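Good morning, colleagues. I would ask you to look at the model on the screen while I speak.

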Amino acid sequence: MSQVTMTVNGKEMSGDAEGRTLLSQFLRETLGLTGTHVGCDTSQCGACVVHVDGVAVKACTMLAMEAEGTSVDTIEGQAAPDGTLNALQQAFQDHHGLQCGFCTPGMIMSAADLLKNNPQPTEAEVRHHLEGNICRCTGYHNIVKAILAASGQDVSSIAAE
Amino acid sequence: MPKDNGIGASPKRREDVRFLSGTGNYTDDIQVNGQAYVHFLRSDIAHANINGINLDAASAMPGVIKIFTGADFEGVGGIPCGWQVTDRHGEPMQEPAHPVLAQGKVRYVGDQIAAVVAETLEQARDAAEAIEVDLEELPAVVDMKAALADGATKVHDDLTSNLCYDWGFVEENKPAVDAAFEAAAHVTTLELRNNRLVANPMEPRVAIGDFNRATGESTLYTTSQNPHVIRLLMGAFVLGIPEHKLRVVAPDVGGGFGTKIFHYAEEAFCTFAAKALNRAVKWTSTRSEAFISDAHGRDHVTKIELALDADNNFTALRTDTYANMGAYLSTFAPSVPTWLHGTLMAGNYKTPLIYVNVKAVFTNTVPVDAYRGAGRPEATFQLERVVDKAARELGVDPIALRRQNFITEFPYATPVAVEYDTGDYHGTMDALEKMADLSGFEARRKASEAKGKLRGFGVNCYIEACGIAPSNLVGQLGARAGLYESATVRVNATGGLVVMTGSHSHGQGHETSFPQVIAEMIGIDESMVEIVHGDTANTPMGMGTYGSRSLAVGGSAMVRATEKIIAKAKKIAAHLMEAAEADIELKDGAFSVAGTDKSVAWGDVTLAAYVPHNYPLEDIEPGLEETAFYDPANFTYPSGAYACEVEVDPDTGKVTIEAFNAADDFGNIVNPMIVDGQVHGGIGQGIGQALLENAAYDENGQLLSASYMDYAMPRASDVPFYGVDHSSQTPCTHNPLGVKGCGEAGAIGSPPAVINAVVDALRSGGHDIHHIDMPVSPSRVWQAMNG
C-alpha cells in the first residue's frame with residue numbers, strides 16, 4: 001500500500017492504494033465518490049469516464065498511482081456548488097436522456113469532452129464519439145438529442161422526446 | 001396546449017437530478033460497516049464431476065475468513081422454480097435440484113463451486129486461485145436436439161432425460177389444425193432460431209448480506225426488480241427465514257430487463273454467510289461474471305407453418321419449438337416458452353386454428369429465463385416472419401396480407417386461450433404507413449442502388465400480453481405465486497402524500513409518473529406526492545416490476561387506494577361543511593357541496609384527519625392512510641405496427657438501419673415522454689438482437705461471447721433516430737386507468753421488421769433468399785448472398 005494524492009473536483013484528496021488498484025476503484029471505494037460507475041471489466045462500457053488533467057479517461061484503464069499529482073474531475077463536480085445542473089446535465093434531463101442512470105455519469109463526462117473539442121458536433125459525430133459508452137435503456141435516441149441540444153443546436157425536428 | 005400537470009403531461013423526471021449529479025444510491029455504492037467480500041470460484045468446464053476440493057492452501061492465505069463449498073449447504077434448500085408447467089400428457093415437468101453451491105457436479109461454465117469470504121475483494125480473489133479442484137470432465141450437451149437424442153449425456157442424472165417438458169397447446173385442437181393443413185390451398189413453412197441473448201443491464205448484479213445478532217434480523221441489499229418476491233422465495237424455500245426476520249432492499253437499480261427478476265444463488269449465499277460469520281458479506285459481479293451467471297434470454301429453435309385458403313385467409317397455424325432451459329430452472333423459466341409464448345401465437349390475426357408444441361430442454365449452459373418481452377418476442381418473430389414469407393410466396397403485398405387477416409372486432413377470443421379486450425390494428429398500421437413514407441420508398445431504393453447498395457423495407461405487427469396477471473388464472477397455469485400488486489397511500493396532516501408501492505422502478509421513472517396519476521385524481525400538484533419503493537420494510541407485499549405491469553397493475557392498486565382515501569376525505573369534508581356526504585365533490589384540490597358555494601381545501605380536510613377536534617369520531621377513525629391490493633381481471637394487450645428500412649452493402653454484407661418507425665397502441669398514456677423513451681430503448685435492444693447480439697456456445701459448452709470484447713452490444717452509431725407514434729389509443733377496458741403497458745413493445749416488435757427488411761433488400765438484388773437467422777452479421781449476409 002502507498003499513499004496516492006490527487007486533486008479531485010478541485011479539492012486535494014489522498015488515500016492508500018495497492019499497485020493494482022484502479023483509478024475507478026480508488027474513486028469509489030477509497031474516496032467514496034460512487035458517482036463514477038463500473039459496468040464492465042474490459043474497458044468497453046464507459047460508465048467510469050472521468051477527466052484527468054482535462055482529458056476524458058476511462059477510470060478503469062488507469063491505475064490509481066498513475067493519477068498521482070493529477071487533477072481529476074468526476075460527475076460529482078459537474079453541477080454548481082448549490083446543486084444546479086450544468087447545461088449538459090440539464091439537457092439530459094430536459095430531453096429524457098437517461099433512464100436507469102447507471103451509464104449516465106460516463107455519458108455526461110464523455111459528452112462534455114466532445115463538446116469541449118467540438119462545440120457544434122453533427123449527429124454522426126456525436127454517435128461516433130459515444131462508441132465507447134454503452135447504454136442499454138435509451139436506444140441512444142434521447143442521449144444524442146440531449147447532446148445536440150446542449151451544443152445549442154435546434155433539435156425540434158427530431159422525432160418525439 | 002400540452003398539460004403541465006397530471007395524466008398526459010411530461011414533467012421532467014425527478015429521479016434524474018440524483019443520477020445526473022452522481023448521487024444515486026446503487027447497491028454497490030452501499031458499504032455496510034465491517035463488510036467482508038466474497039468471490040465465487042466458478043467452473044470453467046461445462047460438465048464435470050467434482051471429485052475433490054482441497055482448501056488447505058487457500059484457507060491459509062492472507063485475509064481469508066472462510067471458504068464455503070456445497071458441503072456447507074447440505075440441509076439448506078435449493079434455489080426454487082416459481083412456475084410448474086404440465087406437459088401434453090398431464091404430467092408435471094421434470095424439475096432438478098438447484099443447490100446454492102455445486103454439489104458433486106458442475107453443470108455449466110459459471111456454476112459456482114466455492115465461495116471465498118475474505119477481508120478484501122483482492123484477498124478473496126487471490127485465495128480462490130489457490131483452491132485445488134479435482135474436476136472429472138464429462139461430455140457436455142449444448143445442442144438441444146442432440147440433448148434429446150437416445151443415449152445423450154444427461155445434465156441431471158436423477159432425471160429420466162434432458163426433456164423438461166413436452167407441452168402442447170391447445171392439445172385438443174391438434175387434429176383440427178392438422179386437418180386444416182390437409183385442406184389448405186397454400187402452406188408456408190419456415191425454420192428459424194431466436195438467438196440466445198444476455199440481458200446486460202449496465203449495472204452488474206450486487207448482493208450484500210447483513211445480520212443483526214441483537215434482533216435476529218437478516219438484511220439483503222440486492223439489485224432486484226422485485227424485493228418482496230426475493231424475500232419470499234429466499235426466506236421460505238432456501239434459508240428458512242420468516243418474513244418478519246428478513247428485509248430485502250433494492251435501492252437504485254441500474255436496469256433489469258428481466259434478468260434481475262430472478263432469485264439467484266449469490267443472494268442466498270450472502271444472506272446465509274452473513275449470519276454464519278456474523279458480519280456483512282458483499283458480492284459485486286464483474287461483467288465477465290455476469291455473462292456466465294445472469295440468466296440468459298430467448299434461445300428457441302422453431303419450425304412454423306401457416307396454412308392459407310385460396311383467398312389468402314389464414315386458416316391454421318402450427319409451430320414446433322425447442323426451448324433451451326440451460327442447466328437449471330431459473331425462477332420463471334418454464335413459463336416463458338409456454339404461457340408467455342403459446343398464448344400470443346394468434347398475433348393480430350383471426351387465424352381460427354392454432355397448435356403450439358414446445359419441448360423445453362436441459363443443456364450444459366447458463367440457465368435461460370425471461371428477457372425483455374419474454375416469450376412474446378419469440379412468438380412475434382416467428383409469426384411475422386412466416387406471414388412475410390407467405391406474402392412473398394403468394395406475390396401479394398405484405399401489408400395487404402396482414403390487413404386482410406386482422407382481427408377487427410373486440411373483445412376477441414383467440415384459439416389460444418386469451419381474450420383481447422381492445423385494439424385497432426388498422427389504426428396503428430395507418431399511423432405507421434404515414435410515418436414510414438411508403439410512397440417515397442422506391443425513390444430511396446433507387447438512390448441506394450446508385451450508391452451500389454441494396455435497400456429493403458420490412459414491416460411487421462405485434463400483439464403482447466402485459467400486466468401479468470389474474471392470480472387465479474396463472475395459478476391454474478402453474479404459477480406458484482399470486483400476481484397482484486399493492487399500494488399504501490399515506491396522506492400527511494398538511495396534505496402531502498406518500499405512496500408506498502410494490503412496483504419497483506429501475507429506469508421506468510415511477511417516481512415521476514405515479515404522482516401524475518394522484519395529482520390528476522385529487523387535483524393537486526404532482527410535487528405533493530412522493531413515491532417509496534424497493535424496500536420490504538416500508539412497502540406492502542407486492543410482486544414487483546416486469547412484463548410491463550407497473551402502471552397497469554401497480555398503478556391500479558394506487559388508484560384503488562387513492563379512491564379509498566378520497567371516499568374517507570369526503571366524509572370528513574361533509575362533516576366540516578355540515579352537508580350530506582353524497583353532495584360532496586372533489587375538484588382542483590378542494591371539496592365543495594354541490595349547488596352551493598361552500599368549500600374546504602384538501603389541506604383543511606387532511607389536517608382535520610390528524611387533528612380531529614371537529615371530526616365525526618363516532619363514524620370514522622382519525623388519520624388518512626389506505627392500502628389496496630389490485631388483482632387484474634385479464635392481461636392487457638398492447639399492439640402495434642413497426643417498419644424498418646435497411647441498406648445492405650453487397651460487397652461486405654454489412655447491414656445499416658436507415659430508418660425505424662413504430663406505431664403503438666398502449667391505451668391511455670400517463671407520461672408521453674417516458675413512454676417514448678421506453679419504446680426507443682426496446683427498439684435499440686431489438687435492433688441489437690437482429691443485427692449484433694449472440695450468446696454463442698461452442699460444442700464443449702464454452703461461452704464464446706462472454707465479454708463486451710466479443711458480445712456485440714448496440715452502440716450509438718448502430719442505430720438511427722426512431723420515429724414513434726402512439727396516437728392510436730384503445731383504452732384497456734378492465735383497469736381503472738385504461739392503460740396497457742409499454743415497457744417491452746419495442747423489443748418485441750422490432751426484430752422481425754429488421755429481418756423482413758434485410759430479406760427484402762437481398763431479394764431486390766436478385767438473391768432468392770427467404771430467411772437469415774439473427775444476428776444478421778456481415779458474414780451471415782455475405783454468405784447468404786454468395787451461398
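I shall discuss the interface between the chains, then one helix of chain A, and finally a helix pair in chain B. Please keep in mind that this is a predicted model.

Let me begin with the interface. On chain A, 50 residues are in contact with 47 residues of chain B. Helix 2 (87-94), helix 3 (104-117), helix 4 (123-129) and helix 5 (141-150) of chain A each contribute at least two residues to the side that touches chain B.

I turn now to helix 5 of chain A. Why is this helix largely enclosed by the rest of the structure? Ten of its ten residues are buried, so helix 5 of chain A is largely enclosed. Among them are A:His141, A:Lys145 and A:Ala150. The buried residues pack against helix 2, helix 3 and helix 4 of chain A, and also against helix 17 (672-692) and strand 30 (722-725) of chain B. Just after helix 5, A:Gly152 adopts a positive phi of about 90°.

Helix 17 packs with helix 18 (residues 745-764) of chain B at an angle of about 40°, and their axes are 7 Å apart. That angle makes helix 17 of chain B oblique to helix 18 of chain B. The crossing is right-handed. Residues making the contact include B:Gly682, B:Gly686 and B:Ala690 of helix 17 of chain B, with B:Gly746, B:Gly749 and B:Ser750 of helix 18 of chain B. The residues of this contact divide into ten nonpolar, ten polar and no charged.

Thank you for your attention.

How values were computed: Residues are numbered from 1 along each chain as its sequence is written. Chains are lettered from A and ligands numbered from 1 in the order in which they are written. This is a predicted model: local features need pLDDT of at least 70, side-chain atom pairs count only at pLDDT 80 or more; totals for chains, interfaces and linings use all residues. Two residues are in contact if their C-beta atoms, placed from the backbone, lie within 7 Å. Helices (H or I, at least four residues) and strands (E, at least two) are DSSP runs, numbered from the N terminus. A residue is buried if 20 or more other C-beta atoms lie within 10 Å of its own, exposed if 12 or fewer, and partly exposed in between; C-beta atoms are placed from the backbone. Axes are lines fitted to C-alpha atoms, for helices over the stretch in contact, and angles run from 0 to 180 degrees between N-to-C directions. Angles under 35 degrees count as roughly parallel, over 145 as roughly antiparallel, 65 to 115 as roughly perpendicular and the rest as oblique. A crossing is left-handed if the near helix is turned anticlockwise from the far one by less than a right angle, and right-handed if clockwise. Ala, Val, Leu, Ile, Met, Phe, Trp, Tyr, Cys and Pro count as nonpolar, Asp, Glu, Lys and Arg as charged, and the others, Gly among them, as polar.
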